[in-house]
Every structure is written in structure tokens, then in C-alpha cells.
Amino acid sequence: CGVLGIKPSRGLVSPGPASSFFSDSGLATAGVLARTARDLAAGLDVIARRRPGDWSPYPGSGDYLATLDAEFGCGPQSRSRALALADLRVGVLTEPLNVDTEIHPACLEAVARAAEDFGAMGARVEGIARPFGPEAWQSFMPIWQAGAAAIPLPPESESLLTPMSQWLRARGREASAPQLMAGLQGMYAIARRMGEAFAGFDVILSPALGTPPADPTWVCCPDDPAEDFRRQCIVSPWTSSWNMFGPAAVSIPIHRAEVGGTLLPFGVHVGATRFGEEQLLLAIVAALETLDPWPLIRPPHPES
């Protein structure tokens with residue numbers, strides 16, 4: 001949608017006081033949508049808190065905005081400059097992880113543009129193969145389905161859900177305990193494979209989406225919930241794997257391309273390979289928005 005987004009490391013932002021399987025397990029975590037690196041950092045300063053009883057707390061560095069301003073010259077009174085990232089190791093991953101599908105050319109153009117920017121900043125950029133494919137990713141499905149089924153909901157409200165949500169909950173109720181445990185084991189194996197495959201890099205660069213910004217008339221399939229889910233995977237082939245992996249990731253709307261006569265934003269996904277690298281990702285966003293700025297959808301403070 002043309003804005004920045006950050007998914008923090010698992011455990012950096014407390015899911016409390018509410019409780020659900022997805023939030024407490026760290027598969028889902030609260031993040032920030034913003035227009036600038038400084039706004040991302042300020043938002044992270046607000047939400048990066050731990051609460052007593054958190055299942056997987058991760059101590060953050062804190063003071064994200066102050067550190068960004070002090071180290072990278074992004075304060076309102078300082079002159080913006082590109083960050084020298086000469087030692088950064090960037091792996092470029094364009095193969096989809098959760099579904100075999102063709103990636104839209106403009107999504108790949110966005111990655112090529114970002115890779116060129118990283119190279120201009122002195123980073124080492126190298127293409128890599130995917131560490132697993134859709135068959136391994138499918139181990140996540142029993143967890144997704146059982147987690148949906150576990151969400152407390154009055155029986156009379158079930159009919160208000162979308163057909164896909166109803167389908168997920170129905171499948172989740174059918175899952176056995178061994179199937180759920182096998183799904184958890186598969187998910188842990190995926191995270192380990194990602195950690196091992198990405199160990200030689202600081203960040204992994206991919207398209208943010210596999211398609212142009214999603215057309216709801218195509219994505220939503222009320223008459224076929226399974227196809228609905230498959231199309232969601234086609235739209236987003238990389239992000240769910242970082243939910244399983246755990247480190248932080250950012251979405252950066254660095255590119256624009258015309259599709260069907262309309263100029264649309266195309267972003268890249270930059271995922272850290274280690275926990276606690278929020279400051280590094282914020283620095284990358286700051287550097288890219290200085291070197292290769294993207295247009296705002298509208299001025300954040302329009303004149304009256």
C-alpha cells in the first residue's frame with residue numbers, strides 16, 4: 001500500500017494482556033506501519049515492551065529513534081545522508097517459499113532496484129536458493145488451522161466469519177494431537193533450515209509480495225475457501241516464513257510500476273537473520289529512503 005512496515009523480533013513486543021495461541025507463541029506479533037524510518041523507530045519505542053508472564057520475552061535495545069538520530073543523521077535538524085553499509089551481507093531470495101508460482105515482473109524489478117542500491121552503499125549482494133519449498137511449508141497448516149479453531153467465539157457468531165475462516169476452524173477441529181505435534185516439529189525444522197541457510201548473511205532481500213497490490217475480487221473466493229487460501233499464498237510467498245523463523249523484518253515500498261494503466265507501489269521484504277536486529281533494519285530503511293526515496297501517497301501534513 002506504499003507505506004513502511006516492521007515486524008519485530010519474536011518476544012520484543014508483549015502480546016499481553018490479551019492471550020491467544022498465535023500471539024503468545026510469537027507467530028503473530030504487533031508491529032508498526034509508517035511513512036519514514038524515524039516514524040517506524042518512534043512507533044517501535046512505544047510498543048516494544050515486555051510484561052510479566054510473557055512466554056518468550058526478548059530484551060530489545062530500546063531508544064530506537066534516539067539511536068537512529070545519533071548514529072545515522074536522521075534527526076529533523078540534521079542533514080540526511082546515505083549510510084555506508086560496506087560490511088553488510090545481503091542474500092537475494094526471489095524463489096517463493098510457500099507456493100510454486102510465477103512472480104510478477106514488477107516485484108522482481110523492486111528487488112533488483114534495492115539490490116543495486118545496496119551495492120551502491122558498499123554491501124555484498126549475492127543471490128541464494130530457497131532453503132525449502134511448499135511441501136515443507138505445508139507442515140504449518142495444522143498449526144494455522146488449529147490456532148484458528150482455538151479462537152474463542154460464541155457459536156451464534158460462527159456464521160459471521162468469512163468462508164475461509166470457517167474452513168480453517170472446521171479443519172482445525174478435525175486435527176488430531178499427533179497431527180498438531182507433527183506440525184510444530186515441521187515448523188521448528190523450517191526455522192532451523194532458515195537459520196542454517198541464512199547464517200552467512202545479515203539480511204535476506206525478497207519481494208514483499210508476489211503480485212501487484214492484491215485485488216480483492218481475485219483473492220477472495222467465497223465458494224472455494226481452499227483456493228482462497230492458496231491465492232493468499234500467491235500474493236504473499238515470503239512473509240509467513242519469517243513468522244515461523246522469528247527475527248525482525250521490514251517492508252519497504254521502494255519501487256513503482258504501471259499495471260493496467262495505474263501506477264502502483266511495489267515493495268521489498270528485508271528480513272534479518274538474527275534476533276534483535278531492529279536497529280539494523282531501521283538503518284537500512286533510513287539509508288534507502290535517502291539514497292532512493294519513494295513518494296508518499298499524500299503529504300503527511302497537508303497545508304490547510
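Trainee: Where in the chain is the place of Asp63?

Mentor: In this predicted model, Asp63 lies in the loop between helix H2 (37-47) and helix H3 (64-72).

Trainee: What makes Asp63 count as buried or exposed?

Mentor: Its relative accessibility is 54%. Exposed means over 50%, so Asp63 counts as exposed.

Trainee: Which residues does Asp63 touch, not counting residues up to four places away in sequence?

Mentor: Asp45 and Gln279. As for Ser165, its C-alpha is 38 Å from that of Asp63 in space, and the two residues are 102 apart in sequence.

Trainee: Let's go inside. Which residues of the largest nonpolar core touch the most other members?

Mentor: They are Leu88, Phe118, Leu205, Ile252, Val268, Val270 and Ile284, out of 78 residues in that core. Helix H12 (residues 278-291) gives the most to this core, with eight residues.

Trainee: What is Ile252 in contact with, leaving aside its neighbours within four places in sequence?

Mentor: Its contacts are Leu4, Phe266, Gly267, Val268, Val270, Ile284, Val285, Leu288 and Trp294.

Trainee: Now the rings. How many aromatic pairs does the structure hold?

Mentor: Nine. Let's take Trp137 and Phe229, whose ring centres are 6.4 Å apart and whose planes stand at 40 degrees.

Trainee: Why is the pair of Trp137 and Phe229 called tilted?

Mentor: Ring centres must lie within 6.5 Å to pair, and here the distance is 6.4 Å.

Trainee: How do you know whether Trp137 and Phe229 are buried or exposed?

Mentor: Buried means under 20%. Trp137 has 1% relative accessibility, so it counts as buried. Phe229, at 6%, counts as buried too.

Trainee: What makes the pair of Trp144 and Phe229 edge-to-face?

Mentor: The planes are 90 degrees apart, and over 60 counts as edge-to-face. The rings are 5.3 Å centre to centre. This pair also links distant parts of the chain: Trp144 sits in helix H6 (residues 141-149), 85 residues from Phe229 in helix H10.

Trainee: And why is Trp144 called partly exposed?

Mentor: Its relative accessible area is 26%. That falls between the 20% and 50% cut-offs, so Trp144 is partly exposed.

Trainee: Which residues do ring pairs link into a cluster?

Mentor: Trp137, Phe140, Trp144, Trp167 and Phe229.

Technical notes
Residues are numbered from 1 along each chain as its sequence is written. This is a predicted model: local features need pLDDT of at least 70, side-chain atom pairs count only at pLDDT 80 or more; totals for chains, interfaces and linings use all residues. Side-chain values use heavy atoms; hydrogens and water are left out. Helices (H or I, at least four residues) and strands (E, at least two) are DSSP runs, numbered from the N terminus. Buried means under 20% relative accessible area, exposed over 50%, partly exposed in between (1.4 Å probe, protein chains only). Contact means heavy atoms within 4.5 Å. A nonpolar core is a set of buried Ala, Val, Leu, Ile, Met, Phe, Trp, Tyr and Cys residues joined through side-chain atoms within 4.5 Å. Rings of Phe, Tyr and Trp (its six-membered ring) pair if their centres lie within 6.5 Å; planes under 30 degrees apart count as stacked, over 60 as edge-to-face and the rest as tilted.
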